[in-house]
Amino acid sequence: MQACNAFYYATRDPLGARGDFTTAPEVSQMFGELIGAALADAWTRAGKPADAIYAELGPGRGTLASDALRVLRATGFAGEVHFVETSPLLRTAQQDRLPDAQWHESINDLPNKPLLIVANEFLDALPIRQHVGSVERRVAVAGGGLAFDRDGEIIETSPARDEAVSAIAKRLVSIGGVALIIDYGHARSAAGDTLQAVRGHKFAAVLADPGEQDLTSHVDFEAVARSARDSGASVTPLVSQGEWLNTLGIGQRAAALATANPKRAEDLASAVQRLTGADQMGELFKVVAIHAPEWPAPMGFE
C-alpha cells in the first residue's frame, strides 16, 4: 500500500472529474470556509498568538487551504502557510494557488510554532496491516497476478497512522494549537476488511494495477483518539461531517452565497446535500479535533 500510493501520487493529479476521486474541498468553497471559521475561532479564543501557522497534511490542489485562509485572514491571522506533501505534481498545483507556502516531507519537519492543522482525507491513505488470527496477511504472486495469502476474519491496524497522530499530538502539547481530522471511517475499533481501491470514480479490485489506483482504508477513530490521548493531547467527541457542517452553519452560508448569486442556488443546494447528506458524505465522513490541553476545542463538537 505504501509503495503503490507513493508511486500513484507522485505521477498524477488524482482529483476531479478527470481523476479518480473528488474530495470535499473540490465540491464547494463552503467546506474550506467553515474549516477556516472553526480554526479562526479557536485561534481567537487562544489569545491570537501571532506566531501561529496554518499547516495542512496532504493538501491536494491547495483548494481547502485557499478557502480556509480567506476566512482566517479576515480575522487578522497573518501566519505562515506550511504543507506536508511529498508529490512533486501536487506541490506544483499547490504553489499555483498559494505561492508563499512552504513544503515539508513529514509532520516532524513543521516549525516549532503554534499550529492550526488540517488533515482532510490524509489518514485514510496511510498504509495498514491486516491480520487473520495471529498471522499477518501478505500479498503473494499467484496465477500470473497478485493475491492475498490467506482469508478469514481480518483485524486491521495502522502503525503509520498511529505514528502520524502521535506526532501531531506531541507537537500540539509541546507548542500549542489545534488539529482538525476529517476522514471516512468508523467510531469504534472492530474486525473487518476496509482496504479499497478507487479508479475513475469507481471501486476497483484492490490488487489490480499496482500504483495506478488510489488505495485507502477506513480510519479507526477510536485508535486515533487513543494515540492522541496517549501523547498527552485533548480530544473532542467524534461527530459526523454532516452534523459538524450543519452546526457550523453551512445552510446559512449557502443561503448567503445564493442571495449574492441566485444563478448558483441550485448548485449550492446540491453541494450542501453532497457534503451533509446521510447517503452522501454526511455520515461516512467524520470529524474530530485534537488540541493542546491549554487551547480551547474548536467549535462544532458540543
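The charged end of Arg137 is placed over the ring of Phe148, at 3.9 Å from its centre, where a charge counts as over a ring if NZ of Lys or CZ of Arg is within 6 Å of the ring centre and within 35 degrees of the ring normal. The model is predicted, so that local features need pLDDT of at least 70 and side-chain atom pairs count only at pLDDT 80 or more, while totals for chains, interfaces and linings use all residues. Residues are numbered from 1 along each chain as its sequence is written, and side-chain values use heavy atoms, with hydrogens and water left out.

Five aromatic pairs are found in a search of the whole structure; rings of Phe, Tyr and Trp (its six-membered ring) pair if their centres lie within 6.5 Å, and planes under 30 degrees apart count as stacked, over 60 as edge-to-face and the rest as tilted. Two of these pairs are listed here.

| Pair | Centre to centre | Angle between planes | Class |
|---|---|---|---|
| Tyr8 and Tyr9 | 5.1 Å | 90 degrees | edge-to-face |
| Trp43 and Phe77 | 5.4 Å | 90 degrees | edge-to-face |

Because Trp43 lies in helix H3 (residues 29–45) and Phe77 in the loop between helix H4 (63–74) and strand E2 (81–84), the pair ties together parts that are 34 residues apart in sequence; helices (H or I, at least four residues) and strands (E, at least two) are DSSP runs, numbered from the N terminus. Trp43 and Phe77 are both buried, a term for under 20% relative accessible area, with exposed meaning over 50% and partly exposed in between (1.4 Å probe, protein chains only).
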